[in-house]
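Q: Hello! I'd like a close look at one part of this model, the links across the chain, with the cut-offs spelled out as you go.

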Amino acid sequence: MPWSPLAALSWALVLRLLALLWPPGLGEACSCAPAHPQQHVCHSALVIRAKISSEKVVPASEDPADTQKMIRYEIKQIKMFKGFEKAKDVQYVYTPFDSSLCGVKLETNSQKQYLLTGQILSDGKVFIHLCNYIEPWEDLSLVQRESLNHHYHQNCGCQCPVPSQPPMSVSGQTGCWNGSSMGTRPSTMSA
């Protein structure tokens, strides 16, 4: 049965109307490639251990026309592992409000501590998202905790495998710190 021009126009209008009425964020998703914790540390501008004090939804920019929102987490920094030259005492970290834009949801006003890796934006704000390495401190193994102080920084010249892949070297270098596989996470360890 051939399509009449009127039927084709009607279907085009229905499809356009559906596209306009489609809820924002539906069908969009955040996806991240798996990476070894050492790679996260090496590629992050900032690595800290912190407690989350509070959260507040704030505008993403000073521009009144920008409708994007961010979550500003107020934190209590416990220890800084990386980022000394760019930030001394971090009081806030920012993440997209919308999970489809890789926003992170953290527990506030609890005793839970987090390992946070992130970037420092040109305006000095610390930015985190789901593709960073963000883990509850108690979920890290003792080896992972010790590696934050020593081994991870010293071995950034290699590509570390995700736990299911064999190690690879870059420029003939080896030395990935493999004592910190993401699969090794006893929950009873404490710092």
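What percentage of the contacts in the protein with a separation of 6 or more comes from residues 24 or more positions apart?

A: Happy to walk you through it. This is a predicted model, in which local features need pLDDT of at least 70 and side-chain atom pairs count only at pLDDT 80 or more, while totals for chains, interfaces and linings use all residues. Residues are numbered from 1 along each chain as its sequence is written, and side-chain values use heavy atoms, with hydrogens and water left out.

Your figure is 65%: that is the part of the contacts with a separation of 6 or more that falls to residues 24 or more positions apart. A contact here means heavy atoms within 4.5 Å.

The protein has four helices and six strands, arranged along the sequence as α-α-β-β-β-β-β-β-α-α. These elements are DSSP runs numbered from the N terminus, with helices being H or I of at least four residues and strands E of at least two.

Now for the disulfides. A disulfide is a covalent bond between the sulfur atoms of two cysteines. The rule applied is a pair of cysteine sulfur atoms within 2.5 Å, and by it the count comes to three.

Cysteine 30 pairs with cysteine 102, with 1.8 Å between their sulfur atoms. The S-S torsion of cysteine 30 and cysteine 102 is about 100°, which makes the disulfide right-handed. As for cover, cysteine 102 is buried at 14% relative accessibility, whereas cysteine 30 is partly exposed at 22%. Buried means under 20% relative accessible area, exposed over 50%, and partly exposed in between (1.4 Å probe, protein chains only).

Cysteine 32 is joined to cysteine 131, S to S 1.9 Å. Cysteine 32 lies in the loop between α1 and α2, and its partner cysteine 131 lies in the loop between β5 (126–127) and β6 (134–136), 99 residues apart. With a torsion of about -80° about the S-S bond, the disulfide of cysteine 32 and cysteine 131 is left-handed. Cysteine 32 is partly exposed at 35%, and cysteine 131 is partly exposed at 25%.

Cysteine 42 and cysteine 156 make a further disulfide, their sulfur atoms 1.9 Å apart. Here helix α2 holds cysteine 42 and the segment after α4 (151–154) holds cysteine 156, so the pair ties together parts that are 114 residues apart in sequence. The torsion about the S-S bond of cysteine 42 and cysteine 156 is about -85°, so this disulfide is left-handed. Cysteine 42 is buried at 16%, and cysteine 156 counts as partly exposed at 36%.

Charged side chains come next. The structure holds three salt bridges, each defined as a side-chain nitrogen of Lys or Arg within 4 Å of a carboxyl oxygen of Asp or Glu. In one of them, glutamate 55 meets lysine 105, with 3.0 Å between the closest N and O atoms. That pair links distant parts of the chain: glutamate 55 is in strand β1 (residues 46–59) and lysine 105 in the loop between β3 (92–96) and β4 (113–120), 50 residues apart. Lysine 105 is exposed at 62%, while glutamate 55 is partly exposed at 32%. Lysine 112 and glutamate 107 form another salt bridge, also with closest N and O atoms 3.0 Å apart. Aspartate 123 and lysine 125 meet in a salt bridge too, at 4.0 Å from N to O.

Finally, the interior. A nonpolar core is a set of buried Ala, Val, Leu, Ile, Met, Phe, Trp, Tyr and Cys residues joined through side-chain atoms within 4.5 Å. The largest has 18 residues, and those with the most contacts inside it are Ile48, Ile75, Val90, Leu106 and Leu116. Elements giving two or more residues to this core are β1, β2 (69–82) and β4. Apart from it lies another core of nine residues, including Val41, Leu115, Leu140 and Leu148. Beyond neighbours within four places in sequence, isoleucine 75 touches residues including Ile48, Ile52, Val90 and Val93. Of the protein's 191 residues, 35% count as buried.
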